[in-house]
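User: Hello! Could you walk me through this fold, a few questions at a time?

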Amino acid sequence: MKTLITSSLIATSLLLGSSFVGVVPNVDFAKAHAEQKRKRTPSLNSRVYSQLARAQQLADGGDVKGGLEVLDSVKAKSGSLNSYETAMMYNFYGFIYYNAEQMTEAMAAFEQVVAQDPIPESLEKSTLFSLAQLAMANEEYSKTISFLERWESINEGDIPVKNNVLKAQASYQGKDYQNAAQYIDLALAEAKEQEVEPKENWFVLQRAAYFELKQPKKVASILEEMVRRFNKPEYWVQLAGMYGEIGAEDKQLAVLEAAYQQGYISKQSDFRNLAQIYYFNGLPYKAASVMEQGINQKVLTKNVKNVKFLSQAWITAKELDKAVETLEVLSTLENNGTAHQQIAEIRLQQGKYKDVIEAAFEAEKRGDLPNPGNLYLALGMAHFNLKEFEAAIEALNMASEYKNVQRMATQWLKFVEKEKSTMEQLAFNY
(Lines give C-alpha, C1' and ligand atoms only; values in the text may rest on other atoms or scores of the structure.)
Protein backbone atom coordinates (compact mmCIF):
# COMPACT_ATOMS: atom_id res chain seq x y z
CA MET A 1 0.00 0.00 0.00
CA LYS A 2 2.79 2.45 0.86
CA THR A 3 4.27 2.23 -2.60
CA LEU A 4 1.32 4.23 -3.94
CA ILE A 5 2.73 7.52 -2.66
CA THR A 6 5.36 8.65 -5.12
CA SER A 7 8.12 11.22 -5.16
CA SER A 8 5.67 14.09 -5.35
CA LEU A 9 3.87 13.48 -2.08
CA ILE A 10 5.05 16.45 -0.01
CA ALA A 11 6.73 19.78 -0.64
CA THR A 12 9.08 19.51 2.31
CA SER A 13 10.46 16.90 4.67
CA LEU A 14 11.79 19.65 6.95
CA LEU A 15 15.25 18.12 6.38
CA LEU A 16 14.77 15.80 9.33
CA GLY A 17 16.18 12.74 7.57
CA SER A 18 13.24 10.67 8.78
CA SER A 19 11.65 7.53 7.37
CA PHE A 20 9.52 9.78 5.22
CA VAL A 21 12.53 10.30 2.98
CA GLY A 22 12.05 6.71 1.76
CA VAL A 23 8.65 7.76 0.48
CA VAL A 24 9.42 11.24 -0.83
CA PRO A 25 12.55 13.07 -1.94
CA ASN A 26 14.07 16.19 -0.48
CA VAL A 27 12.58 19.49 -1.59
CA ASP A 28 14.09 22.45 -3.42
CA PHE A 29 13.76 24.99 -0.59
CA ALA A 30 14.87 27.86 -2.82
CA LYS A 31 11.90 27.10 -5.07
CA ALA A 32 9.55 26.85 -2.10
CA HIS A 33 10.74 30.21 -0.74
CA ALA A 34 10.36 31.76 -4.20
CA GLU A 35 6.79 30.49 -4.31
CA GLN A 36 6.14 31.88 -0.84
CA LYS A 37 7.30 35.28 -1.99
CA ARG A 38 5.36 35.13 -5.25
CA LYS A 39 2.17 33.98 -3.56
CA ARG A 40 2.92 35.85 -0.32
CA THR A 41 2.76 32.65 1.62
CA PRO A 42 3.52 33.14 5.33
CA SER A 43 6.61 31.53 6.78
CA LEU A 44 6.88 28.50 9.05
CA ASN A 45 7.53 29.55 12.66
CA SER A 46 10.52 27.82 14.32
CA ARG A 47 8.35 26.88 17.32
CA VAL A 48 5.85 25.09 15.09
CA TYR A 49 8.75 23.58 13.16
CA SER A 50 10.19 22.01 16.32
CA GLN A 51 6.84 20.54 17.37
CA LEU A 52 6.25 19.01 13.93
CA ALA A 53 9.79 17.63 14.02
CA ARG A 54 9.15 16.06 17.43
CA ALA A 55 5.91 14.46 16.21
CA GLN A 56 7.74 12.99 13.27
CA GLN A 57 10.57 11.63 15.42
CA LEU A 58 8.13 9.91 17.77
CA ALA A 59 6.24 8.33 14.88
CA ASP A 60 9.49 7.21 13.27
CA GLY A 61 10.46 5.56 16.54
CA GLY A 62 7.26 3.53 16.52
CA ASP A 63 5.27 5.75 18.88
CA VAL A 64 2.47 6.64 16.47
CA LYS A 65 0.13 7.54 19.31
CA GLY A 66 2.72 9.90 20.81
CA GLY A 67 3.32 11.55 17.45
CA LEU A 68 -0.38 12.13 16.95
CA GLU A 69 -0.72 13.55 20.47
CA VAL A 70 1.97 16.13 19.69
CA LEU A 71 0.14 17.08 16.51
CA ASP A 72 -3.11 17.28 18.48
CA SER A 73 -1.47 19.77 20.84
CA VAL A 74 -0.44 21.89 17.84
CA LYS A 75 -3.94 21.60 16.42
CA ALA A 76 -5.44 22.77 19.73
CA LYS A 77 -3.73 26.12 19.10
CA SER A 78 -4.68 26.22 15.42
CA GLY A 79 -6.19 29.67 15.88
CA SER A 80 -2.68 31.06 16.13
CA LEU A 81 -1.33 29.18 13.08
CA ASN A 82 -1.02 30.72 9.65
CA SER A 83 -2.14 28.90 6.48
CA TYR A 84 1.31 27.42 5.75
CA GLU A 85 1.73 26.16 9.34
CA THR A 86 -1.76 24.66 9.31
CA ALA A 87 -1.06 22.96 5.98
CA MET A 88 2.19 21.49 7.27
CA MET A 89 0.48 20.28 10.44
CA TYR A 90 -2.10 18.37 8.38
CA ASN A 91 0.70 17.21 6.11
CA PHE A 92 2.35 15.49 9.06
CA TYR A 93 -0.97 14.06 10.20
CA GLY A 94 -1.30 12.59 6.73
CA PHE A 95 2.18 11.06 6.80
CA ILE A 96 1.76 9.50 10.21
CA TYR A 97 -1.61 8.02 9.24
CA TYR A 98 -0.19 6.89 5.92
CA ASN A 99 2.77 5.10 7.51
CA ALA A 100 0.35 3.52 10.00
CA GLU A 101 -1.69 2.32 6.97
CA GLN A 102 -4.77 4.29 8.06
CA MET A 103 -5.56 5.40 4.53
CA THR A 104 -8.96 7.00 5.14
CA GLU A 105 -7.51 9.24 7.86
CA ALA A 106 -4.44 9.98 5.72
CA MET A 107 -6.58 11.06 2.80
CA ALA A 108 -8.72 13.30 5.00
CA ALA A 109 -5.59 14.96 6.40
CA PHE A 110 -4.08 15.57 2.96
CA GLU A 111 -7.37 17.08 1.80
CA GLN A 112 -7.03 19.55 4.65
CA VAL A 113 -3.57 20.49 3.37
CA VAL A 114 -4.91 21.70 0.01
CA ALA A 115 -7.86 23.38 1.72
CA GLN A 116 -5.48 25.98 3.22
CA ASP A 117 -4.77 29.21 1.35
CA PRO A 118 -2.22 30.43 0.60
CA ILE A 119 0.38 27.63 0.58
CA PRO A 120 3.41 27.04 -1.67
CA GLU A 121 2.47 25.82 -5.12
CA SER A 122 4.89 22.87 -4.89
CA LEU A 123 3.17 21.66 -1.71
CA GLU A 124 -0.29 22.06 -3.23
CA LYS A 125 0.64 20.22 -6.43
CA SER A 126 2.46 17.35 -4.77
CA THR A 127 -0.36 16.84 -2.29
CA LEU A 128 -3.01 16.92 -5.00
CA PHE A 129 -1.18 14.26 -6.99
CA SER A 130 -0.79 12.12 -3.89
CA LEU A 131 -4.50 12.54 -3.15
CA ALA A 132 -5.25 11.35 -6.68
CA GLN A 133 -3.18 8.22 -6.03
CA LEU A 134 -4.82 7.57 -2.67
CA ALA A 135 -8.29 8.06 -4.17
CA MET A 136 -7.37 5.55 -6.85
CA ALA A 137 -6.30 3.05 -4.19
CA ASN A 138 -9.59 3.65 -2.34
CA GLU A 139 -11.55 3.03 -5.58
CA GLU A 140 -12.82 6.61 -5.60
CA TYR A 141 -12.26 7.07 -9.32
CA SER A 142 -14.14 10.31 -9.89
CA LYS A 143 -12.16 11.88 -7.03
CA THR A 144 -8.94 10.71 -8.66
CA ILE A 145 -9.75 12.62 -11.83
CA SER A 146 -10.99 15.65 -9.86
CA PHE A 147 -7.71 15.93 -7.92
CA LEU A 148 -5.72 15.64 -11.13
CA GLU A 149 -7.80 18.36 -12.78
CA ARG A 150 -7.15 20.63 -9.78
CA TRP A 151 -3.44 19.89 -10.17
CA GLU A 152 -3.57 20.83 -13.84
CA SER A 153 -5.47 24.04 -13.11
CA ILE A 154 -2.51 25.44 -11.14
CA ASN A 155 0.22 23.99 -13.35
CA GLU A 156 1.85 26.43 -15.74
CA GLY A 157 3.93 24.01 -17.83
CA ASP A 158 3.20 20.86 -19.85
CA ILE A 159 0.92 18.28 -18.30
CA PRO A 160 3.06 15.25 -17.32
CA VAL A 161 2.28 12.01 -19.14
CA LYS A 162 1.65 10.26 -15.80
CA ASN A 163 -1.40 12.48 -15.18
CA ASN A 164 -3.22 11.19 -18.25
CA VAL A 165 -2.15 7.64 -17.48
CA LEU A 166 -3.67 7.90 -13.99
CA LYS A 167 -6.83 9.46 -15.46
CA ALA A 168 -7.05 6.59 -17.92
CA GLN A 169 -6.64 4.04 -15.10
CA ALA A 170 -9.33 5.74 -13.00
CA SER A 171 -11.72 5.95 -15.97
CA TYR A 172 -11.19 2.30 -16.83
CA GLN A 173 -11.75 1.15 -13.26
CA GLY A 174 -14.88 3.29 -13.20
CA LYS A 175 -16.03 1.52 -16.41
CA ASP A 176 -15.83 4.74 -18.40
CA TYR A 177 -14.02 3.00 -21.24
CA GLN A 178 -14.43 5.80 -23.78
CA ASN A 179 -12.60 8.33 -21.59
CA ALA A 180 -10.07 5.68 -20.58
CA ALA A 181 -9.21 5.17 -24.26
CA GLN A 182 -8.97 8.90 -24.91
CA TYR A 183 -6.73 9.56 -21.89
CA ILE A 184 -4.34 6.69 -22.61
CA ASP A 185 -4.16 7.64 -26.31
CA LEU A 186 -3.27 11.17 -25.23
CA ALA A 187 -0.67 9.90 -22.76
CA LEU A 188 1.04 7.78 -25.43
CA ALA A 189 0.98 10.65 -27.91
CA GLU A 190 2.51 12.98 -25.30
CA ALA A 191 5.14 10.39 -24.43
CA LYS A 192 6.19 10.21 -28.07
CA GLU A 193 6.26 13.99 -28.38
CA GLN A 194 8.25 14.41 -25.16
CA GLU A 195 10.53 11.46 -26.01
CA VAL A 196 9.41 9.61 -22.90
CA GLU A 197 9.70 5.82 -23.10
CA PRO A 198 6.14 4.45 -22.66
CA LYS A 199 5.63 1.74 -20.09
CA GLU A 200 4.28 -1.68 -20.94
CA ASN A 201 1.26 -1.34 -18.67
CA TRP A 202 0.16 1.74 -20.63
CA PHE A 203 -0.31 -0.44 -23.70
CA VAL A 204 -2.01 -3.10 -21.60
CA LEU A 205 -4.49 -0.46 -20.42
CA GLN A 206 -5.01 0.85 -23.96
CA ARG A 207 -5.67 -2.66 -25.25
CA ALA A 208 -8.14 -3.37 -22.43
CA ALA A 209 -10.05 -0.12 -23.01
CA TYR A 210 -10.53 -0.75 -26.71
CA PHE A 211 -11.42 -4.37 -26.06
CA GLU A 212 -14.23 -3.20 -23.78
CA LEU A 213 -15.31 -0.74 -26.50
CA LYS A 214 -15.58 -3.73 -28.86
CA GLN A 215 -13.10 -2.37 -31.40
CA PRO A 216 -11.17 -5.53 -32.37
CA LYS A 217 -9.26 -3.90 -35.24
CA LYS A 218 -7.89 -1.28 -32.86
CA VAL A 219 -7.04 -3.98 -30.32
CA ALA A 220 -5.17 -5.89 -33.04
CA SER A 221 -3.23 -2.74 -33.94
CA ILE A 222 -2.27 -2.18 -30.29
CA LEU A 223 -1.17 -5.81 -29.93
CA GLU A 224 0.99 -5.48 -33.04
CA GLU A 225 2.82 -2.66 -31.28
CA MET A 226 3.08 -4.69 -28.06
CA VAL A 227 4.56 -7.64 -29.95
CA ARG A 228 7.15 -5.37 -31.56
CA ARG A 229 8.09 -3.66 -28.31
CA PHE A 230 7.92 -6.43 -25.73
CA ASN A 231 7.89 -9.75 -27.65
CA LYS A 232 6.04 -11.63 -24.91
CA PRO A 233 4.35 -15.01 -25.59
CA GLU A 234 0.93 -13.88 -24.39
CA TYR A 235 0.90 -10.91 -26.77
CA TRP A 236 1.62 -13.14 -29.77
CA VAL A 237 -1.22 -15.46 -28.80
CA GLN A 238 -3.61 -12.58 -28.11
CA LEU A 239 -2.74 -10.97 -31.46
CA ALA A 240 -3.52 -14.23 -33.23
CA GLY A 241 -6.84 -14.36 -31.41
CA MET A 242 -7.73 -10.83 -32.52
CA TYR A 243 -6.80 -11.63 -36.12
CA GLY A 244 -9.24 -14.52 -35.89
CA GLU A 245 -11.85 -12.16 -34.45
CA ILE A 246 -11.59 -9.77 -37.42
CA GLY A 247 -11.49 -12.53 -40.03
CA ALA A 248 -7.80 -12.21 -40.91
CA GLU A 249 -7.20 -15.98 -40.85
CA ASP A 250 -3.98 -15.84 -42.88
CA LYS A 251 -2.43 -13.42 -40.38
CA GLN A 252 -3.79 -15.48 -37.50
CA LEU A 253 -2.08 -18.60 -38.81
CA ALA A 254 1.19 -16.75 -39.54
CA VAL A 255 1.35 -15.22 -36.06
CA LEU A 256 0.50 -18.46 -34.28
CA GLU A 257 3.05 -20.37 -36.33
CA ALA A 258 5.71 -17.76 -35.54
CA ALA A 259 4.81 -18.00 -31.85
CA TYR A 260 5.00 -21.79 -32.01
CA GLN A 261 8.44 -21.70 -33.63
CA GLN A 262 9.67 -19.38 -30.87
CA GLY A 263 8.41 -21.75 -28.20
CA TYR A 264 5.66 -19.37 -27.12
CA ILE A 265 2.83 -21.88 -27.38
CA SER A 266 2.67 -23.51 -23.97
CA LYS A 267 -0.94 -23.59 -22.80
CA GLN A 268 -3.41 -26.36 -23.52
CA SER A 269 -5.88 -24.02 -25.22
CA ASP A 270 -3.12 -22.52 -27.40
CA PHE A 271 -1.87 -25.91 -28.58
CA ARG A 272 -5.35 -27.05 -29.52
CA ASN A 273 -6.20 -23.71 -31.14
CA LEU A 274 -3.08 -23.84 -33.33
CA ALA A 275 -3.81 -27.44 -34.32
CA GLN A 276 -7.38 -26.60 -35.27
CA ILE A 277 -6.26 -23.59 -37.34
CA TYR A 278 -3.73 -25.77 -39.15
CA TYR A 279 -6.41 -28.41 -39.78
CA PHE A 280 -9.03 -26.01 -41.11
CA ASN A 281 -6.44 -24.31 -43.31
CA GLY A 282 -5.71 -27.59 -45.08
CA LEU A 283 -2.57 -28.50 -43.11
CA PRO A 284 -3.62 -31.71 -41.32
CA TYR A 285 -0.07 -33.05 -40.93
CA LYS A 286 1.00 -29.93 -39.01
CA ALA A 287 -2.20 -30.13 -36.99
CA ALA A 288 -1.44 -33.70 -36.00
CA SER A 289 2.20 -32.89 -35.21
CA VAL A 290 1.18 -30.09 -32.84
CA MET A 291 -1.43 -32.26 -31.12
CA GLU A 292 1.04 -35.13 -30.76
CA GLN A 293 3.67 -32.84 -29.29
CA GLY A 294 1.16 -31.36 -26.87
CA ILE A 295 0.04 -34.79 -25.68
CA ASN A 296 3.61 -36.14 -25.41
CA GLN A 297 4.69 -33.10 -23.41
CA LYS A 298 1.60 -33.49 -21.19
CA VAL A 299 0.45 -29.99 -22.09
CA LEU A 300 -2.61 -31.55 -23.67
CA THR A 301 -4.60 -34.12 -21.74
CA LYS A 302 -4.71 -37.56 -23.31
CA ASN A 303 -8.51 -37.63 -23.36
CA VAL A 304 -11.11 -38.80 -25.88
CA LYS A 305 -11.58 -35.34 -27.41
CA ASN A 306 -7.90 -34.70 -28.07
CA VAL A 307 -6.95 -38.20 -29.19
CA LYS A 308 -9.97 -38.37 -31.51
CA PHE A 309 -8.96 -35.09 -33.14
CA LEU A 310 -5.39 -36.34 -33.48
CA SER A 311 -6.54 -39.53 -35.21
CA GLN A 312 -8.74 -37.51 -37.59
CA ALA A 313 -5.80 -35.26 -38.46
CA TRP A 314 -3.58 -38.27 -39.24
CA ILE A 315 -6.33 -39.79 -41.40
CA THR A 316 -6.80 -36.54 -43.34
CA ALA A 317 -3.03 -36.29 -43.77
CA LYS A 318 -3.05 -39.84 -45.23
CA GLU A 319 -0.73 -41.00 -42.46
CA LEU A 320 -2.76 -44.16 -42.00
CA ASP A 321 -0.35 -46.17 -39.82
CA LYS A 322 -0.08 -43.22 -37.42
CA ALA A 323 -3.86 -42.96 -37.50
CA VAL A 324 -4.19 -46.61 -36.52
CA GLU A 325 -1.71 -46.20 -33.67
CA THR A 326 -3.73 -43.24 -32.40
CA LEU A 327 -7.03 -45.10 -32.75
CA GLU A 328 -5.61 -47.96 -30.70
CA VAL A 329 -4.90 -45.41 -27.93
CA LEU A 330 -8.43 -44.04 -28.36
CA SER A 331 -9.87 -47.53 -27.92
CA THR A 332 -8.38 -47.64 -24.40
CA LEU A 333 -10.24 -44.44 -23.52
CA GLU A 334 -13.68 -45.42 -24.84
CA ASN A 335 -16.10 -48.19 -23.89
CA ASN A 336 -17.24 -48.95 -27.43
CA GLY A 337 -15.98 -50.41 -30.70
CA THR A 338 -15.91 -47.19 -32.73
CA ALA A 339 -12.11 -46.88 -32.82
CA HIS A 340 -11.68 -50.48 -33.95
CA GLN A 341 -14.30 -49.99 -36.64
CA GLN A 342 -12.24 -47.08 -37.97
CA ILE A 343 -9.13 -49.25 -37.82
CA ALA A 344 -10.92 -51.92 -39.86
CA GLU A 345 -11.91 -49.36 -42.50
CA ILE A 346 -8.35 -47.95 -42.68
CA ARG A 347 -6.81 -51.42 -42.98
CA LEU A 348 -9.23 -52.15 -45.81
CA GLN A 349 -7.88 -49.10 -47.69
CA GLN A 350 -4.37 -50.43 -47.14
CA GLY A 351 -5.27 -53.89 -48.37
CA LYS A 352 -4.39 -55.47 -45.03
CA TYR A 353 -7.35 -57.80 -45.03
CA LYS A 354 -6.42 -60.00 -42.07
CA ASP A 355 -6.01 -56.88 -39.97
CA VAL A 356 -9.48 -55.78 -41.13
CA ILE A 357 -10.99 -59.00 -39.84
CA GLU A 358 -9.14 -58.76 -36.53
CA ALA A 359 -10.22 -55.15 -35.96
CA ALA A 360 -13.79 -55.87 -37.04
CA PHE A 361 -14.01 -58.74 -34.58
CA GLU A 362 -12.84 -56.47 -31.74
CA ALA A 363 -15.26 -53.71 -32.78
CA GLU A 364 -18.21 -56.14 -32.85
CA LYS A 365 -17.23 -57.53 -29.45
CA ARG A 366 -17.11 -54.08 -27.89
CA GLY A 367 -20.35 -53.02 -29.57
CA ASP A 368 -22.18 -49.69 -29.30
CA LEU A 369 -21.24 -48.86 -32.89
CA PRO A 370 -22.59 -45.69 -34.54
CA ASN A 371 -22.72 -47.34 -37.98
CA PRO A 372 -22.44 -51.14 -37.86
CA GLY A 373 -23.47 -51.45 -41.51
CA ASN A 374 -20.13 -50.00 -42.62
CA LEU A 375 -18.27 -52.45 -40.39
CA TYR A 376 -19.98 -55.50 -41.91
CA LEU A 377 -19.48 -54.13 -45.40
CA ALA A 378 -15.73 -53.74 -44.75
CA LEU A 379 -15.61 -57.20 -43.20
CA GLY A 380 -17.36 -58.70 -46.26
CA MET A 381 -14.89 -57.05 -48.63
CA ALA A 382 -11.92 -58.28 -46.58
CA HIS A 383 -13.18 -61.88 -46.58
CA PHE A 384 -13.84 -61.66 -50.32
CA ASN A 385 -10.28 -60.48 -51.04
CA LEU A 386 -9.02 -63.42 -49.00
CA LYS A 387 -11.23 -65.73 -51.13
CA GLU A 388 -13.27 -66.58 -48.02
CA PHE A 389 -16.57 -66.46 -49.88
CA GLU A 390 -18.84 -67.99 -47.26
CA ALA A 391 -17.67 -65.58 -44.58
CA ALA A 392 -17.91 -62.69 -47.06
CA ILE A 393 -21.51 -63.59 -47.94
CA GLU A 394 -22.42 -63.86 -44.25
CA ALA A 395 -20.95 -60.43 -43.50
CA LEU A 396 -22.55 -58.81 -46.55
CA ASN A 397 -25.95 -60.26 -45.64
CA MET A 398 -25.60 -58.62 -42.25
CA ALA A 399 -24.58 -55.33 -43.89
CA SER A 400 -27.62 -55.40 -46.18
CA GLU A 401 -29.88 -55.12 -43.12
CA TYR A 402 -28.74 -51.49 -42.65
CA LYS A 403 -30.37 -48.93 -44.91
CA ASN A 404 -27.38 -46.63 -45.25
CA VAL A 405 -25.28 -49.38 -46.92
CA GLN A 406 -28.07 -51.66 -48.14
CA ARG A 407 -27.67 -50.88 -51.84
CA MET A 408 -23.89 -51.30 -51.85
CA ALA A 409 -24.06 -54.44 -49.72
CA THR A 410 -26.61 -56.00 -52.11
CA GLN A 411 -24.43 -55.22 -55.12
CA TRP A 412 -21.40 -56.71 -53.44
CA LEU A 413 -23.40 -59.70 -52.34
CA LYS A 414 -24.42 -60.46 -55.92
CA PHE A 415 -20.85 -60.03 -57.10
CA VAL A 416 -19.43 -62.29 -54.37
CA GLU A 417 -22.05 -65.00 -55.01
CA LYS A 418 -21.23 -64.88 -58.72
CA GLU A 419 -17.51 -65.15 -58.04
CA LYS A 420 -18.13 -68.01 -55.62
CA SER A 421 -20.18 -69.83 -58.25
CA THR A 422 -17.51 -69.26 -60.88
CA MET A 423 -14.76 -70.56 -58.61
CA GLU A 424 -16.82 -73.62 -57.69
CA GLN A 425 -17.51 -74.33 -61.39
CA LEU A 426 -13.82 -74.06 -62.22
CA ALA A 427 -12.95 -76.37 -59.36
CA PHE A 428 -15.63 -78.89 -60.54
CA ASN A 429 -14.29 -78.87 -64.09
CA TYR A 430 -10.81 -79.68 -62.82
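This is a predicted model: local features need pLDDT of at least 70, side-chain atom pairs count only at pLDDT 80 or more; totals for chains, interfaces and linings use all residues.

User: How many helices and strands are in the protein chain?
Analyst: Residues are numbered from 1 along each chain as its sequence is written, and side-chain values use heavy atoms, with hydrogens and water left out. Helices (H or I, at least four residues) and strands (E, at least two) are DSSP runs, numbered from the N terminus. On that basis the protein chain has 22 helices and zero strands.

User: What is the radius of gyration of the protein chain, against that of a compact globule of 430 residues?
Analyst: The C-alpha trace spans about 135 × 45 × 35 Å along its principal axes. The radius of gyration is taken over C-alpha atoms, and the globule rule is 2.2 Å times the number of residues to the power 0.38. That rule gives a value near 22 Å for a compact globule of 430 residues, but the protein chain has 39 Å.

User: Which helices do the buried residues of α12 pack against?
Analyst: Helix α12 covers residues 233-245. Its buried residues (under 20% relative accessible area, 1.4 Å probe, protein chains only) are Y235, W236, V237, L239, A240, M242 and Y243. Taking contact as heavy atoms within 4.5 Å, these buried residues pack against α10 (200-212), α11 (216-230), α13 (249-261) and α14 (268-280).

User: Which residue with a positive phi follows α12?
Analyst: α12 has 13 residues and reaches 19 Å from its first C-alpha to its last, close to the 18 Å expected at 1.5 Å a residue; the expected span is 1.5 Å times one less than the number of residues. After this helix comes a residue with phi near 80°, namely G247.

User: Is K175 buried or exposed?
Analyst: K175 belongs to the loop between α8 (161-173) and α9 (177-193). Its phi is positive, near 65°, in a residue other than glycine. Exposed means over 50% relative accessible area, and K175 has 61%, so K175 is exposed.

User: What is the relative accessibility of K387?
Analyst: K387 is found in the loop between α20 (372-385) and α21 (389-399). Phi of K387 is also positive for a residue other than glycine, near 65°. K387 counts as exposed, because its relative accessibility is 54%.
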